[in-house]
Amino acid sequence: MNFLLVDRINEWADTWRAARTQIQTRLQKRGKPPLLISGDFIQVDVNSASDVRNFGNWGTVFTQDLYILCYLISEIFDDIGNLEEFTRLVARQAPVGAKFLFVERRESQWEDKIKDLAANSGMALEEFRYSQGNMDADEQMSDLGEILDDVGRKSRVTWDALYCVGTKQ
Ligand SMILES: C[S@@+](CC[C@H](N)C(=O)[O-])C[C@H]1O[C@@H](n2cnc3c(N)ncnc32)[C@H](O)[C@@H]1O
């Protein structure tokens, strides 16, 4: 299994390593055979025209089967132009049939933006689905311990999300 994590914040490289450990542990707990997981992190600002332009030349970096844009569109908010170009370039490298999973807060403005991104990138979009709930009982805010005290703010323990799958044509 091969991952590529893309974000403008360098510290997410650490998250990539944590994600790899989590996947291995979960497979182990379920008695599944170990999986060879490899991955990279690259720092890209999708608001930066030059970052996005250069990114489009990276070719094989983006030949994945599954692409996930998770709470990215609502982060970018107004400055959507470069994100459109970014998504278009990434989709151009994707194999036909590759899946794009969009996850966002449940608001119609994000549905509209996802529709635009998909149309602009040659994807067929399935229907929107919705998910609402609370974190599992084994994952409590208090698990954050001293971090919770340091940050001085309560973390979010509920979600109200929409998600949708696009297929590269
Ligand atoms: C709400 S977080 C979601 C993080 C992760 N995808 C998740 O679901 O847990 C939004 C992420 O978008 C990143 N981000 C915001 N603006 C960005 C930009 N212009 N280019 C690249 N990443 C950006 C932030 O650094 C942050 O990690």
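Two residues are in contact if their C-beta atoms, placed from the backbone, lie within 7 Å of each other. Keep that idea handy, and let's start the tour.

**Before you click**

You are looking at a predicted model, in which local features need pLDDT of at least 70 and side-chain atom pairs count only at pLDDT 80 or more, while totals for chains, interfaces and linings use all residues. Residue numbers start from 1 along each chain as its sequence is written.

**Stop 1: the whole chain**

Show the chain as a cartoon. It has six helices and seven strands. Here helices (H or I, at least four residues) and strands (E, at least two) are DSSP runs, numbered from the N terminus. The C-alpha atoms fill a box of roughly 45 × 40 × 30 Å along the principal axes.

Among the contacts with a separation of 6 or more, 81% join residues 24 or more positions apart. Of the 169 residues in the chain, 15% are buried. A residue counts as buried if 20 or more other C-beta atoms lie within 10 Å of its own, exposed if 12 or fewer, and partly exposed in between, with C-beta atoms placed from the backbone.

**Stop 2: helix α1**

Select residues 12-29, which form helix α1. Its 18 residues reach 26 Å from the first C-alpha to the last, close to the 26 Å expected at 1.5 Å a residue. The expected span is 1.5 Å times one less than the number of residues. How many of the 18 residues of α1 are buried? The count is zero, and the helix is hardly covered.

Now pick Leu27, which sits in α1. Leu27 counts as partly exposed because it has 15 C-beta neighbours inside 10 Å. Setting aside neighbours within four places in sequence, Leu27 is in contact with Lys32, Pro34 and Leu35. After the helix comes Gly31, with a positive phi near 70°.

**Stop 3: the nonpolar core**

Next, select Phe86 and Ile114. These two have the most contacts inside the largest nonpolar core, which has 19 residues. A nonpolar core is a set of buried Ala, Val, Leu, Ile, Met, Phe, Trp, Tyr and Cys residues joined through C-beta atoms within 7 Å. At least two core residues come from each of α2 (49-55), β3 (66-70), α4 (81-93), β4 (99-105) and α5 (108-120). In soluble globular proteins, nonpolar side chains tend to be buried together. Beyond its neighbours within four places in sequence, Phe86 is in contact with Val46, Val52 and Phe55.

**Stop 4**

Colour α4 first. Its 13 residues reach 19 Å from first C-alpha to last, close to the 18 Å expected. Which residues of α4 are buried? They are Leu83, Phe86, Thr87, Val90 and Ala91. They lie on the same side of α4 because they cover an arc of only 125° around the axis; the arc is that of the directions from the helix axis to the C-beta atoms. These buried residues pack against α2, β3, α3, α5, β5 (123-125) and β7 (158-168).

Now colour α5. Trp110, Lys113, Ile114, Leu117 and Ala118 are buried there. Their arc around the axis is only 135°, so they are on the same side of α5. Turn to the other side of α5 and you will find Ser108, Gln109 and Asp112 exposed. The cover over the buried residues of α5 includes α3, α4, β4, β5 and β7. Just after α5, Gly122 takes a positive phi of about 70°.

**Stop 5: Lys99**

Move to Lys99 in strand β4. With 16 other C-beta atoms within 10 Å, Lys99 is partly exposed. Leaving aside neighbours within four places in sequence, Lys99 is in contact with Asp65, Leu66, Val165 and Thr167.

**Stop 6: the ligand and Tyr71**

Finally, select the residues around the ligand: Asp7, Arg8, Ile9, Val44, Asp45, Val46, Asn47, Cys70, Tyr71, Leu72, Glu75 and Ile76. To be near a molecule, a residue needs its C-beta atom, placed from the backbone, within 6 Å of it.

Zoom in on Tyr71, in the loop between β3 and α3 (73-76). Is Tyr71 buried or exposed? Tyr71 is exposed, because 12 other C-beta atoms lie within 10 Å. Most residues other than glycine have a negative phi. Tyr71 is not a glycine, yet its phi is positive, about 55°.
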